[in-house]
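Please work through each task before reading its solution.

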Amino acid sequence: MTSPRPGATIGHMVGMEVHDVTKNFTVYEPGMVFTIEPALTIPEDRVYIRLEDMILITPNGYESMSAFAPFEIDAIEKLMAEPGIAQLIKKPASTASR
């Protein structure tokens, strides 16, 4: 699979660090992981949205590592209404008596 132009990526490489320094390459090789990051910015309305999809290059093409995430508005809103990790973790009882 050939890169759009030498050294070009659509987002950033992902490896040992979350944001790896992009290396110059001309061919996508199996095992490479990078992000695709479409963004919507409306500064006057203070709207800044970036979607970050992780892509793994495979011997036969690619695999979206975030394909499990909802994409449709109704599905996103349903997920957002569910308890998050902060609500699921039990907080320790306070030992302070004041």
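**Exercise 1.** Which residue in β5 is the bridge partner of Val 33?

Solution. The model is a predicted one. Begin with the strands: β2 covers residues 33-36 and β5 covers residues 53-58. These two strands pair in the antiparallel sense, over four bridges. Within this pairing, Val 33 has Leu 56 as its bridge partner.

**Exercise 2.** State the strand order of the open sheet of four strands, and identify its edge strands.

Solution. The order is β1-β2-β5-β6, with antiparallel pairing. The edge strands are β1 (13-14) and β6, since each of them pairs on one side only. As a general point, strands of a sheet pair through backbone hydrogen bonds.

**Exercise 3.** Is Leu 40 buried, partly exposed or exposed, and to which surface patch does Leu 40 belong?

Solution. First, locate the residue: Leu 40 lies in strand β3, residues 39-42. Next, apply the cut-offs: buried means under 20% relative accessible area, and exposed means over 50%. Leu 40 counts as partly exposed because its relative accessibility is 43%. Finally, Leu 40 forms a nonpolar surface patch with Ile 49 and Leu 51, and together they have about 270 Å² of accessible area.

Note on methods:
Residues numbered from 1 in each chain as written. Predicted model: local features only at pLDDT ≥ 70, side-chain atom pairs only at ≥ 80, totals over all residues. Heavy atoms only, no water. Patch = residues over 30% accessible without salt bridge, like charges linked within 9 Å, V, L, I, M, F, W, Y side chains within 5 Å. Areas by Shrake-Rupley, 256 points an atom, 1.4 Å probe, with all protein chains shown as cover. Salt bridge = Lys/Arg side-chain N within 4 Å of Asp/Glu carboxyl O. Buried < 20%, exposed > 50% of the residue type's maximum accessible area, 1.4 Å probe, protein only. Pairing = 2+ DSSP bridges.
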